[in-house]
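Q: Please take a close look at one part of this model, a helix contact. Then move on to whatever else deserves a check, in short sentences.

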Amino acid sequence: MNGQNTPTDAGSKVAAFRAEYYDDATGIGAARPRLSWRMVPGGADWIQGAYEIRARRALAGSVAKGAGEEAVAGKNLAAGGDGWAETSGRVEGDSSVLVPWPFAELASRERVELQVRVWRKGSGISGPWSDTLAIEAGLLSPSDWTARFVGPEAAGAPSGSVPGAGDGKPAGPTAGNPAGGGAPAAAAPCPYLRKGFRLGEGLAGARLYASALGLYQCYLNGHAVGDRLFAPGWTAYDARIDYQTYDVTGLLRAGDNAFGAILAEGWYKGRLGFEGGRKNVWGDRLGFIGQLELTYRDGRRETIVTDESWRASTGSILSSGIYDGERVDLTLEPEGWKEPGFDDSGWRAVSAVDRPTDLLVAGTVPPAREIETLPVREVIASPSGKTLLDFGQNIAGSLRLRVKGKAGDKITVRHAEVLENGELGTRPLRLAEATDCWILRGEGEEILEPLFTYHGFRYAEIDGWPGELDPTRIEARVIHADMGRTGWLETSDALVNRLHENVRWGLKGNFLSVPTDCPQRDERLGWTGDIQVFAPTATFLYDSAPFLESWLRDLAAEQKKLGGAVPPVIPNAMGESFGAAAWGDAATVIPRVLHERLGDAGVLETQFESMASWVDYIAENAGERRIWDSGFQFGDWLDPTAPPNEPWAARTAKEIVATAYYARSARIVAESARILGKKEAEAKYAEIAGKAAAAFVSEYVTPSGRMMSDAETAYSLAIAFDLMPTEAQKARAGERLAQLAMEGGYRIRTGFVGTPIVCDALCRTGHYREAYRLLTQTEKPSWLYPVTMGATTMWERWDSMLPDGSVNPGEMTSFNHYALGAVADWMHRTVGGIEAVEPGFRRIRVAPRPGGGMTKSEARHLSPYGEIAVRWEIDGGEFRLEATVPPNCRAELRLPGTDRGEEVGSGTHTRRVPYVDPDVRGAYTADDKTGEILADPPAFGALMGVLERFKAPGYVKAIIFGEKGVKLGTALKMLPDPDPAIKAINEAFAEAHAAASSARAAAAPANNERRAP
């Protein structure tokens, strides 16, 4: 072994300084926000020894000087010339992630600017002060609100209302479904609200605090405020409603001004759920609240608020629904309504909507935005003559059209993820119309895009385009929460790379406001089981902590209503009152993941009551036996061996899943209590965990390590959750798991519970070869089968599309469902070689374990301390590693074939060792098991040729295909004259192996890449 470190030290310079998880901390809802910083990389063995934070603030209630603003006269504190009046002093220690606030807490509206500098451990010289971080508190108390929610005056049932609306019940009969239970009638037109007002001279700063019961888009003087979409987002509205803070100084002027807003039903009032869904889950009246606070240079303050002086009407948006799309008649848009001077005397009065302002909290989830656009890849004429657009990538978002036409021209766009028989494949959408429609105003070029809806699609059908279609005037808007990317993985296998991209696009399509299961059909709900298994992958790929922490607050709120049960979707749009294993365990698993990956112990503190209540709920249901075998359970949902219309009918018993998760969650709560210093709780839940684990073993595990349910998920749970009491039992369980994988032809036979952990379970018991064979399998069901079928996102079912290109006839056939992409977390750790040993990746294990014929990999992760990068390559019998460790961190390097790890500090480290592929093998022989031979395509072809040549009888073939743990030679002994056949099969295997080796050698210059379609 040889190696070298890069010795250059970039110095003690801070590269990134943030409050909580935000670079822009305007309107923050924390009075004592935690602070984090990263150092510029490059310093070898760099460890922080101390830090200092300094601050300068504006007086509470004033608006400090910001971009494009003039300072408020006499309102900026200036101490010591440059204004840095407060300091933490030099604080000894290496903390740099989520450091406690060192000053007096912020008051509402208060603005503070901060800088930090650090000392390297052992150095008496500090680095330079960081760039300035500006923090501005939002409205931190309900008493800060003088505005009220207002909406159009109620005047009987609104247009398009559904019988039973307002009670949260399923929708009633409709024209399209007279029996009821189908899609409800179109929503009512979107309300338009406005108010005119005058401003004096000398405006210094303006802040708008806004929210809605429903969705809103507000305007000042004709300009849209901000670029966020779907505000205020989806929360458990009866527990909390997010509000947003906007700096609107540049949108106002002296004299006449206009303040307007458009509202839509969104998730608050619109239809939610399948089989017709439910309307008005959280309320039956839309409302808007806006508080515009103005500060003048002479210190005067003025506030414009929503109240009964506002006026209401309707406009061009005839209906808008999350599932069904948007209908717009631009000829009905009131011209100039957003501008000053508009005559709104003909508009209706508004009235207060009864919602307390103490539900309003500063939003923490990253805003949904248009992140990128995609051009039309291909224009397709369908067999029926429809015009179809292919954007080449399955996304969540909508279209933007730039079109010229006559007044009254109607353009309709329908969306779908796939084509079926050459036409738009809308059957998987169920009762979601996913259709946008516009009637043109006919005044020059018009830009058409929906305001309050989104769709999951790759293809769009467009009808009514004036004249000849110009695809350059159409683009797809990719919309998701604006999270920074933090994770990358690329290997020498192009199919695996495409799989990883599909995982990433699946995340993007389902992280809009809450983590949804799918973005296309009449569902799009925050299913707890999906995100429970996917959270480790999400936190590697994107800066998703604030997104998930916001959702966890809703989980805790919904759970509290049910006495500890965690409903299967959050927010609880379905009104369910039960908790189920693996789904409800999101309450414990996700906080643990956030602590492990982000170093955030605060989330454990915030969620601890929820975590403990969930385990208490299970304990009550499990009783003294500690076996959870009562109530409804999803089990190993969508086990591919289950009938298409019975997704719960898995091979692993539901009580095994439930009891395994019981033990795991109890352990998580005990460990969280230890971290938080809650000694009594630690002892309580450690005892529960121990008894649940013992009960699991006693009930479901034999002394030799076999499971009651002899299925992959059962063994994976026992191994991955560390439930086997002895190493011998664990080893035997691993052997059986590997055997089952072989008997299944290295095709997936696990559902939502087993699939994320089966590769980990195999590797923990030394069966890397089997794990990689599962990963690289291309026959269905497998991770790569959808890739070979052209998938660009993860599918809900392994065979959502069948080999002939038809859509699976089952009801659940989403083509954008991230749960099964949870395997990417194993890929990051095992293929890429990046694993957190201490919270926040403070200590890292760099231990790539090649397999599957891959010859190189590059993985990167932007951790709280900086970027971790691991690159490896196999060439000429040598394994080469390059690992970059960020400042303030240490890593253990563990190379293939070595017995012990090597501890290193920050910097870039290169290592080389001789390499022999531990998974390589020679030609198969008759002494190998039939299952291994049948799972290897070249060997399988050779075997079938010999069986045909020797006219093997049916009973011999039955043994070979039915008894996959039997040696091939044992089956061939059943032939009347077996020896010639055995000799022939050995020769055929040798020839097949030689041909495959030659093919691999020919592909060596391309690193044996398998190309994605």
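A: Start with the two faces. From α6, the residues A601, L604, E605, F608, M611, A612, W614, V615, I618, A619 and A622 take part. Across from them, α7 supplies Y662, S665, A666, I668, V669, S672, A673, I675 and L676. Contact here means heavy atoms within 4.5 Å. By class, the contact of α6 with α7 holds 17 nonpolar residues, 2 polar and 1 charged. Nonpolar covers Ala, Val, Leu, Ile, Met, Phe, Trp, Tyr, Cys and Pro; charged covers Asp, Glu, Lys and Arg; the others, Gly among them, are polar.

The model is predicted; local features need pLDDT of at least 70, side-chain atom pairs count only at pLDDT 80 or more, and totals for chains, interfaces and linings use all residues. Residues are numbered from 1 along each chain as its sequence is written, and side-chain values use heavy atoms, with hydrogens and water left out.

Now the geometry. Helix α6 spans residues 601-622, and helix α7 spans 654-676. Their axes come within 9 Å and cross at roughly 145 degrees. The axes are lines fitted to C-alpha atoms over the stretch in contact, with angles from 0 to 180 degrees between N-to-C directions. The crossing of α6 past α7 is left-handed, that is, the near helix is turned anticlockwise from the far one by less than a right angle. Helices are DSSP runs (H or I, at least four residues), strands likewise (E, at least two), numbered from the N terminus.

Helix α12 covers residues 768-776. It is largely enclosed by the rest of the structure, because 8 of its 9 residues are buried. Buried means under 20% relative accessible area, exposed over 50%, partly exposed in between (1.4 Å probe, protein chains only). The buried ones are R769, E770, A771, Y772, R773, L774, L775 and T776. Their cover includes α2 (494-510), α10 (727-743), α11 (758-764), α14 (823-831) and α15 (930-934).

Now the backbone. Most residues other than glycine have a negative phi, and most peptide bonds are trans. K780 and P781 are joined by a cis peptide bond, omega about -5 degrees. P781 sits in the loop between α12 and α13 (785-788). A231 and P232 are also joined in cis, with omega about 5 degrees. The loop between β14 (223-224) and β15 (241-247) holds P232.

Two non-glycine residues have positive phi. For N221, phi is about 50 degrees. N221 lies in the loop between β13 (215-220) and β14, and counts as buried because its relative accessibility is 3%. For D722, phi is about 55 degrees. D722 lies in the loop between α9 (712-720) and α10. Its relative accessibility is 47%, so D722 counts as partly exposed.
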